[in-house]
Amino acid sequence: MDYRNIFESSINEARSIARLPDDDRFIRIVKERASNMEKKKIKMKRLAVIAASIAAAAALTVSVGALVNYFHQQSVDIFFPDASGTETASLIEEDSPLTSANEHFRITLDKTYFDGDNLTCIMTAESLDGTPMTVPDIQACHDGQFTAGSYPLHYDMSGGEFRSLDLVRGTETPFVAHISEYELKRMGVAGGFETLAGETYIRFGKYLGEGIFDGIELRVNVEKNVDAAEVFSEDGDKLIMTQIGFYSDEISVLPKMSEIKSGEPHEFPKIKLIRNDGTFKEFKEGDYPYSMWSDTWCYILLPEYIQLDDYTGIEVNGVRYLKNN
């Protein structure tokens, strides 16, 4: 039984009623109970009583301006509903480098995925004063100076469009931010850029001014945590299949930019995952939460987190790309 998930659900339910207090004793008690419950077996009846007590206590101990920051598992689930076993902590301290706020927004980095080339982040923006979420300018770098070696992160809210936002409050916006080493090297990023791995600073600004994200800065240690496998077509074209998507630095399986007419919809490729037994796992076109491409490269997120050992390859518009087992 995953006791951590039960505590997360209880605390999150309380958050929908009222903001949790910034009370060190309360946080400590919750963490201690969660830790103890993972060490011993507790009857479900007793577990339900404890969880309900935590939710009730949280709702009754509200203080103005106080807060407990929370890893938004529901934001991760919107993009990758089968990735609930991400082992992120339930509670984080207000001064954690994974969350940052000004008078308008709090941004929390809920999950980071790195396959050795692509950095994909799931984040949650919480409006603190009713300011609506708008397109941010997201910059990252290793040294925190944001001079030489800084680079952009692409921003996309499409995950919130193709899946219901019933799991999150109206003031919260889950979104994905992405960049690849290949793209940065192609852009010629200054400062001796070598890899996305390592300590990384992420700073938020707003396109066209207004400064509603001023002062918001996160820090995370990027480490490879996503498996990848090469898959090949009969013609020798290669895609790299990962646990959250697939990409290529050599070819594109999406429509050529020159063939897309302005203002007209383009046809998304038909994608099927090929199971080891030869059957297919299919997704609808509107299921894909994020994609970027040019005529010579592409990156597509799948609608769920997968185990590569369960699949022998991927089919795109009838072309099969298979592992060389």
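This note sets out points on the fold, the cores and the aromatic contacts of a predicted model.

1. Overall make-up. The protein chain contains six helices and 19 strands. Of its 325 residues, 50% are buried. Among contacts between residues at least 6 apart in sequence, 67% join residues at least 24 apart. The accessible surface is about 16,000 Å², and carbon and sulfur atoms account for 48% of that area.

2. Nonpolar cores. The largest nonpolar core has 30 residues, and those touching the most other members are Ile107, Met123, Tyr151, Phe175, Ile202 and Phe204. Strands 4 (105-114), 5 (118-127), 6 (136-141), 7 (151-156), 8 (172-180), 9 (198-206) and 10 (217-222) each give two or more residues to this core. Another core, of 23 residues, lies apart from it and includes Met241, Phe268, Ile271 and Tyr288.

3. Surroundings of Ile107. Beyond residues up to four places away in sequence, Ile107 touches several residues, among them Leu98, Met123, Phe175, Phe204 and Leu218.

4. Aromatic pairs. The structure holds seven aromatic pairs. One of them joins Phe80 and Tyr113 edge-to-face, at 5.2 Å centre to centre with 75° between the planes. Phe80 lies in the loop between helix 4 (73-79) and strand 2 (91-92), whereas Tyr113 belongs to strand 4, 33 residues apart. Both residues are buried. The pair of Tyr155 and Phe175 is tilted because its planes meet at 50°, with ring centres 5.1 Å apart. This pair links strand 7 to strand 8.

5. Cluster and charges. Tyr155 and Phe175 also belong to one aromatic cluster with Phe105, Phe204 and Phe213. Lys111 lies over the face of Tyr113, 5.7 Å from the ring centre. Lys272 lies over the face of Phe280, at 4.8 Å.

Technical notes. Residues are numbered from 1 along each chain as its sequence is written. This is a predicted model: local features need pLDDT of at least 70, side-chain atom pairs count only at pLDDT 80 or more; totals for chains, interfaces and linings use all residues. Side-chain values use heavy atoms; hydrogens and water are left out. A nonpolar core is a set of buried Ala, Val, Leu, Ile, Met, Phe, Trp, Tyr and Cys residues joined through side-chain atoms within 4.5 Å. Buried means under 20% relative accessible area, exposed over 50%, partly exposed in between (1.4 Å probe, protein chains only). Helices (H or I, at least four residues) and strands (E, at least two) are DSSP runs, numbered from the N terminus. Contact means heavy atoms within 4.5 Å. Accessible areas come from the Shrake-Rupley method with a 1.4 Å probe; for residues, only the protein chains shown count as cover. Rings of Phe, Tyr and Trp (its six-membered ring) pair if their centres lie within 6.5 Å; planes under 30 degrees apart count as stacked, over 60 as edge-to-face and the rest as tilted. A charge sits over a ring if NZ of Lys or CZ of Arg is within 6 Å of the ring centre and within 35 degrees of the ring normal.
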